[in-house]
Amino acid sequence: MSTFQKIRSRLRRESLYLSRDIKHAFGLDDAFYKSARGSRIVVYHGICQKDHMRFNRFFLTQETFESHIKLYKKHFNVVSLDDYYNERFSNEKFNICITFDDGFANNHKYVLPLLEQYQVPATFFLTAIRAAGYDILWNDFLGIVSKYGPDTLVYKDETYYKGRFDNYISKEGEISLAQKLHAVGFAEKEEMMKLLYPLVPFKTNKQEEDYWLQMTEEQIKELSASRFVNIGAHGHYHNDLGKINICDAIDELIFSKQYLESIIGKPVNSFAFPYGVYTPEVIAAAKKAGYQQLLAIDFQSAKERSEATMRERFNVDPFISANNQMYATINRRYEH
């Protein structure tokens, strides 16, 4: 696509988004919502008070998330994950299932009170990273280091420079450090965190904890105690289960289930694949581990559509208005 085509596409998209928001402001989009039918599982991650793009491109502000909930309550039928799997849907409204990934403490702090206030259900997919002695996921750690770290980084005798979105890119192979770490187990990620933390000792800044801190076991218990909450697993270390050794992937599937069940005292039957990635071997291992609900982002083949345990989800875009997010969710596509 040429530069001119990109500019024209961006202007067309922005014009469409603006026109939708104007219609919404005057209540002229009610017919669209009333005619919408179907179902969708949406996935959120972190929620913060402000500056939601500081480290993570998947964060929303609490104000934005609350505006989503208000629209869900007004125009949608919000269902639990169990209801979604059992297709207990409304025939008169579009059906929405809310999920959260990664287990940020900010979910307990900001999301739980809103679920209680508006009385809507949600499922939270949590890791077992606290059992490994860490209060941060490796990818969030690397994101913070990439934001605040030096322009050039030498790691394991390889030089990296800051590329797009502050990602560290290898000068040798034009591959990012994050991409390299996706393909290895947690031992190498743990080594990375120990080696790079002295460059950016961010934990001394308590004001930034909303952007990375993981839930404690006590917070997980409190979250699970809500009648609007279901707890699912998201792996032990937040590894890419489709790229690491299958034996390690099996261990992650089993341990994360056992860990969460020991905390909440309830069965954990759902699993969301970290990064939405899986393989046929990982699916088989998850089912053998006792998971009855398996969540991906985009199916890799038509075969998964006939798999009773599998469901697709739709990532929320933090860069558009709540109203335009609703349009994208219903249509299952973003404007380009």
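Q: In this predicted model, is Arg20 buried or exposed?

A: Residues under 20% relative accessible area count as buried, and because Arg20 has a relative accessible area of 10%, Arg20 is buried. This arginine lies in helix H1, and, leaving aside its neighbours within four places in sequence, Arg20 is in contact with Asp29, Asn323, Asn324, Tyr327 and Glu335.

Q: Which residues have the most contacts inside the largest nonpolar core?

A: In soluble globular proteins, nonpolar side chains tend to be buried together. Here the largest nonpolar core has 61 residues, and those with the most contacts inside it are Tyr44, Tyr72, Ile98, Phe124, Phe273 and Tyr291. A second, separate core has 30 residues, including Cys48, Tyr168, Met193 and Trp212. To return to Phe273, its contacts, apart from neighbours within four places in sequence, are with His234, Tyr278, Val282, Ile283, Leu294, Leu295, Ala296 and Met310.

Q: Where is Asn139 found, and which residues is Asn139 in contact with beyond its neighbours within four places in sequence?

A: Asn139 is found in helix H6, which covers residues 138-148, and counts as partly exposed at 22% relative accessibility, because the range for that class lies between 20% and 50%. Leaving aside those neighbours, Asn139 is in contact with His238 and Tyr275. A separation in sequence and a distance in space can be read side by side for Asn139 and His182, which are 43 residues apart in sequence and 9.0 Å apart in space, C-alpha to C-alpha.

Q: What radius of gyration does the protein chain have, and what would a compact globule have?

A: With 336 residues, a compact globule would have a radius of gyration near 20 Å, and the protein chain agrees with this because its own value is 20 Å. Along its principal axes the C-alpha trace spans about 60 × 55 × 40 Å, and 51% of the 336 residues count as buried. Among contacts between residues at least 6 apart in sequence, 66% join residues at least 24 apart, in a chain whose secondary structure comes to 12 helices and 14 strands.

Methods. Residues are numbered from 1 along each chain as its sequence is written. This is a predicted model: local features need pLDDT of at least 70, side-chain atom pairs count only at pLDDT 80 or more; totals for chains, interfaces and linings use all residues. Side-chain values use heavy atoms; hydrogens and water are left out. A nonpolar core is a set of buried Ala, Val, Leu, Ile, Met, Phe, Trp, Tyr and Cys residues joined through side-chain atoms within 4.5 Å. Buried means under 20% relative accessible area, exposed over 50%, partly exposed in between (1.4 Å probe, protein chains only). Contact means heavy atoms within 4.5 Å. Helices (H or I, at least four residues) and strands (E, at least two) are DSSP runs, numbered from the N terminus. The radius of gyration is taken over C-alpha atoms; the globule rule is 2.2 Å times the number of residues to the power 0.38.
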